[in-house]
Amino acid sequence: MMNSRSLLKHISTQAAIVGAGPAGLVLALLLQKEGIDCVVVERQSRAYVESRARAGLIEHQIVELLRKHGFSEGMDLNGVPHTTCEFRHGGRRYMIPYGDHVHASHFVYPQQFIVQDLLQLFISRGGIVFFSHPAVKIEGLESDRAVITCTSSENSVLKVECDFIAGCDGFQGLCRSSIPSTDTKIFSKQYGIGWLAILAEVPSSTKKLVYALHKSGFAGQMPRTSQITRYYLECPPNDQLSNWSDDRIWSELGKRLAVDGDENLIQGPIVEKRVLNMRSVVMEPMQYKRLFLAGDAAHIITPVGAKGMNLAISDADVLANALIHYFRSGDEVLLREYSHVCLPRVWKTQEFSDWMIRLIHSNADSDQNKDKDFSDRLRQVRLERLQQTDTYAKLFAESYVGLKQ
Ligand SMILES: Cc1cc2nc3c(=O)[nH]c(=O)nc-3n(C[C@H](O)[C@H](O)[C@H](O)COP(=O)(O)OP(=O)(O)OC[C@H]3O[C@@H](n4cnc5c(N)ncnc54)[C@H](O)[C@@H]3O)c2cc1C
């Protein structure tokens, strides 16, 4: 139902979704598939969200989920399955065929392509997304109907009245801060480590994901497409981009990624660079009255294990099931259980990411007496065990590839 006056639009729907990222779009499609009325409001333009390059590694269970619901056409056509990663340390390579240990694979398919595919599908099936409409106010969470107020660049105001709000608006969004601080607990960890995240228009020197543990700091090489590679360089968390000329980046990557006989890094245009602060945050519970948070809005995780987008899609699946159950039966039990279902997976993933951080950085401990040489020896033992001990490698593989646990 839509009443439009000069500058005020009023919409009524069953579920209002804030944010057209992976969490919001998967949720929107799952609800749409079951005939639940929903709309998405998004702060940015369509062009902006469709070109935002971030994640690239899709877990096995998320690949299965996208396939099960028919959302995987682009990924199946253009994504690349991965089953082996490579660690480099002390001039040696440690190949880990994690896929063989668990008979499963990752998919490399850039996040912006997933967003493009999901948006195209949702809109082509009649779904409504209000782009360039930031949510600025949330009201009525304690009453029968909640209301989201959005503004737009044309100075109009959109009011979306709904039964439930799905806060899929990322870590800097409005929804999380609409929950009273007395009703939540925030858990957070700063690792005191930064990563310079780089996107370069070059093929990577190997098709595998590479984690190089070097005395100057970690370096990573992650293929995204045949012509685009993401690189990471460990740096101080508050480092300035002005310290990183393209020449310095290529020289540092060449040094940290090199193993004997392999300095064949392909150089080319760097199209994006930014400094990421390695930190993790979890909010408990992930819901308040008529508001449910999903994805980065509820928790962020360091990009070390490549899990943020995967968790976001997993939350969206759980929330969709709960909402569908409610709208079919009037039974709120799954909605009440939403946080309890999501949080164990969130924490297991945080634990894995914390383990990965300690594996690939020599200074990830809060211990004041950091002895880099000591932790370097421990890292070497961990890599050897990954190669030589089947049970150790299998545990790693289960978490890394993302099996349903
Ligand atoms: C460099 C980098 C590499 C990464 N690599 C990986 C990886 O390999 N694998 C992985 O799984 N994860 C990775 N991540 C993390 C992943 O990108 C995020 O976890 C993921 O985007 C979370 O999805 P989301 O839908 O929860 O939030 P987002 O993708 O952040 O989407 C939130 C949306 O809400 C919109 N929004 C915000 N505020 C408002 C508002 N007030 N009103 C309306 N709309 C609003 C935003 O514009 C945005 O479109 C990486 C992240 C970075 C930065």
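Start with aspartate 163, which has a relative accessibility of 19% and so counts as buried, because the cut-off for buried is under 20%. Keep in mind as you look around that this is a predicted model.

Who does aspartate 163 team up with? Its partner is arginine 145: the two side chains meet in a salt bridge, with 2.7 Å from N to O. Arginine 145 sits in the loop between strand 10 (135-139) and strand 11 (146-151), while aspartate 163 belongs to strand 12 (residues 157-167), so this pair ties together parts that are 18 residues apart in sequence. Arginine 145 has a relative accessible area of 24%, so we call it partly exposed.

Now hop over to another pair. Glutamate 86 and arginine 93 form a salt bridge too, and their closest N and O atoms are 2.7 Å apart.

Next, find arginine 92, which forms a salt bridge with glutamate 384; here the closest N and O atoms are 3.9 Å apart. This pair links distant parts of the chain: arginine 92 is in strand 7 (residues 92-96) and glutamate 384 is in helix 11 (residues 372-388), 292 residues apart. How open are these two? Arginine 92 has a relative accessible area of 38%, so it counts as partly exposed, and glutamate 384 is partly exposed as well, at 21%.

Glu59, Lys307 and Arg345 are linked in a network of them. If you search the whole structure, you'll find 17 salt bridges.

How many cavities of 30 Å³ or more does a search of the whole structure find? The answer is two. We'll visit the second largest cavity, which has a volume of about 40 Å³.

To spot it, look for the residues that line it: Leu66, Phe71, Ser72, Met75, Tyr109, Ile114, Asp117 and Leu118. Helix 6 (residues 111-124) supplies the largest share of this lining, with three residues. And what kinds of residues make up the lining of this second largest cavity? Six are nonpolar, one is polar and one is charged.

Note on methods:
Residues numbered from 1 in each chain as written. Predicted model: local features only at pLDDT ≥ 70, side-chain atom pairs only at ≥ 80, totals over all residues. Heavy atoms only, no water. Salt bridge = Lys/Arg side-chain N within 4 Å of Asp/Glu carboxyl O. Helix = DSSP H or I, 4+ residues; strand = E, 2+ residues; numbered from the N terminus. Buried < 20%, exposed > 50% of the residue type's maximum accessible area, 1.4 Å probe, protein only. 1 Å grid on protein atoms, 1.4 Å probe; cavity = no way out; pocket = protein on both sides within 12 Å on 5 of 7 lines; lining within 4 Å. Points joined across faces, edges and corners; volume = space filled by probe spheres on them. Nonpolar A, V, L, I, M, F, W, Y, C, P; charged D, E, K, R; others polar.
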